[in-house]
Amino acid sequence: MNEKWMRMALAQAQRGGELNEVPVGAVVVKDGRLVGVGFNQPIRGMDPTAHAEVVAMRDAAQTLGNYRLTGCELYVTLEPCGMCVGAIVHARIQKVVFGSQEPKSGACVSHQRGFEHEWLNHKVEVVGNVLPEQAGALMAGFFARRRRESSDARKALKAG
């Protein structure tokens, strides 16, 4: 089941990448039913909190009519950052499944272990490395394209 939902998150990430957002996607599932979707959109939304996880949780909260997402699972293509870990705890997400690790700012297992603080009043199950190659390929392709476009723009400026 993890792969099925992660593929849906990957589709969201692809959508974000097509809009020139960093390609991270997320879906929220409750009782085997999709209740929220999201992709990174801080640039187009001019909202620094519009990470894929937050967007998907906002969507799920609207669908369920409750800001508490008790019993929900969040599938995200990239290991969540500290901000998203905090939002996940406050939303009472039961389980987080992520695609690839984020060694720079990952707050589940890579850089810090944000869900493991003893003082937290809610515990979250974490499963990592579900379809990591696909998630990593989306990110690598996106940033390669951005570097290529930046290089082309610099060359055009020098030539022009």
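The model is a predicted one, where local features need pLDDT of at least 70, side-chain atom pairs count only at pLDDT 80 or more, and totals for chains, interfaces and linings use all residues. Residues are numbered from 1 along each chain as its sequence is written, and side-chain values use heavy atoms, with hydrogens and water left out.

Buried here (under 20% relative accessible area with a 1.4 Å probe, protein chains only) are W5, M6, A9, L10, Q12, A13, G16 and G17. Down the axis of α1, these buried residues fall within an arc of 160 degrees, so they line one face of the helix (the arc is taken over directions from the helix axis to the C-beta atoms). An α-helix has 3.6 residues a turn, so residues three or four places apart point the same way. Just after α1, N20 takes a positive phi of about 65 degrees.

Next comes A26, in strand β1 (residues 25-30). A26 is buried, with a relative accessible area of 0%. Beyond neighbours within four places in sequence, its contacts (heavy atoms within 4.5 Å) include A9 and Q12, both buried residues of α1. Also among them are G36, V37, A52, L74 and V76. As for G86, it sits 60 residues from A26 in sequence and 16 Å away in space, C-alpha to C-alpha.

How values were computed:
Helices (H or I, at least four residues) and strands (E, at least two) are DSSP runs, numbered from the N terminus. Buried means under 20% relative accessible area, exposed over 50%, partly exposed in between (1.4 Å probe, protein chains only).
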